[in-house]
Amino acid sequence: MLITRYGAGKSEQHLPGHIQAVKESGVPVTWQCDAVHGNGVVAKSNKLKTRLVNDIMTEIFEVMAIHKKCGSILGGIHLEMTGQCDVTEVVGGSMNLTEEMLTKNYETYCDPRMNYSQAIEAAFKVGNEMPAGERAAKRRK
């Protein structure tokens, strides 16, 4: 398992070379994108450690496109999440959580987590970006 966490906008600079090096090594690997840990920021309004849903999704889509272009397979993604709907630790998503709203229910002692709504939204967006043939092949297995 090779886990990448470059940060939004940085994948193109690093990932193609990493994919090529792994191909040349002949070692079989499963690639995973951890766009959550690659995109931490500090909120300007309250100095809380957070993440932006848009940055997380941007990196995931960048990595998916690079793997496709390089002829490799992205085998998974990592989403730091909680099943709680009311956690306010990550900015953005369809609920439009803002920096100012982070203090409402910021519970983490370490890493900000996507709440239930943000995580489900992310999963559906990633699923919708997969080519229809890949989605159908996975259902047949």
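The following questions and answers go through a predicted model of one chain, from its overall layout to single residues.

Colleague: In what order do the helices and strands run from the N terminus on?

Modeller: The chain holds four helices and five strands. From the N terminus on, these elements follow the order β-α-β-β-β-α-β-α-α.

Colleague: What share of the residues of the chain count as buried?

Modeller: The C-alpha atoms fill a box of roughly 50 × 35 × 20 Å along the principal axes. The chain exposes about 8100 Å², and carbon and sulfur atoms supply 55% of that area. Of the 141 residues, the share that counts as buried is 40%.

Colleague: Among contacts between residues at least 6 apart in sequence, what percentage join residues at least 24 apart?

Modeller: A contact here means heavy atoms within 4.5 Å. Among the contacts in the chain between residues at least 6 apart in sequence, those joining residues at least 24 apart make up 67%.

Colleague: What is the largest C-alpha distance among the binding-site residues His37, Glu80 and Asp111?

Modeller: An unreviewed UniProt entry places the feature "binding site" at His37, Glu80 and Asp111. These residues are spread over 75 residues of sequence but cluster in space, with a largest C-alpha distance of 8.4 Å.

Colleague: Which side chain makes a polar contact of 3.5 Å with that of histidine 37?

Modeller: Histidine 37 sits in the loop between strand S2 (31-33) and strand S3 (40-42). Its relative accessibility is 26%, so histidine 37 counts as partly exposed. Leaving out residues up to four places away in sequence, histidine 37 touches Arg5, Arg51, His78, Glu80 and Asp111. The side chain that makes the polar contact of 3.5 Å is that of glutamate 80.

Colleague: Which residue's side chain makes a polar contact with the side chain of arginine 5?

Modeller: Arginine 5 also falls under the UniProt annotation "binding site" in an unreviewed entry, and its place is in the loop between strand S1 (2-4) and helix H1 (11-25). At 47% relative accessibility, arginine 5 counts as partly exposed. Not counting residues up to four places away in sequence, arginine 5 touches Asp34, His37, Gly38 and Glu59. The side-chain polar contact, at 2.8 Å, is with aspartate 34.

Colleague: Why does the distance between the end C-alpha atoms of helix H3 agree with its number of residues?

Modeller: Helix H3 (residues 116-129) has 14 residues. The expected span is 1.5 Å times one less than the number of residues.

Colleague: Within what arc do the buried residues of H3 fall?

Modeller: The buried residues of H3 are Gln118, Ala119, Glu121, Ala122 and Val126. They line one face of the helix, because seen down the axis they fall within an arc of 160 degrees.

Colleague: What covers the buried residues of H3?

Modeller: On the other side of H3, Phe124 and Asn128 are exposed. The cover over the buried residues includes helix H2 (53-70) and strand S5 (74-77).

Colleague: At the start of H3, which residue's backbone nitrogen does a side-chain oxygen of asparagine 115 reach?

Modeller: The side-chain oxygen of asparagine 115 comes to within 3.2 Å of this nitrogen. The backbone nitrogen belongs to serine 117.

Colleague: Which residue's backbone oxygen does the side chain of asparagine 105 reach?

Modeller: Asparagine 105 is in the loop between S5 and H3, and at 17% relative accessibility it counts as buried. Its contacts beyond four places in sequence are Asp86, Val87, Thr88 and Glu89. The backbone oxygen reached, at 3.1 Å, is that of aspartate 86.

Colleague: Which side chain makes a polar contact with that of serine 72?

Modeller: Serine 72 is in the loop between H2 and S5, and is buried, with a relative accessible area of 16%. Apart from neighbours within four places in sequence, serine 72 is in contact with Ile19, Lys23 and His67. The polar contact, at 2.6 Å, is with the side chain of histidine 67.

Key:
Residues numbered from 1 in each chain as written. Predicted model: local features only at pLDDT ≥ 70, side-chain atom pairs only at ≥ 80, totals over all residues. Heavy atoms only, no water. Helix = DSSP H or I, 4+ residues; strand = E, 2+ residues; numbered from the N terminus. Buried < 20%, exposed > 50% of the residue type's maximum accessible area, 1.4 Å probe, protein only. Arc of directions from axis to C-beta. Polar contact = N/O pair within 3.5 Å; in protein donor to acceptor, adjacent residues only side chain to side chain. UniProt positions renumbered as here; feature names shortened; annotations may be inferred. Areas by Shrake-Rupley, 256 points an atom, 1.4 Å probe, with all protein chains shown as cover.
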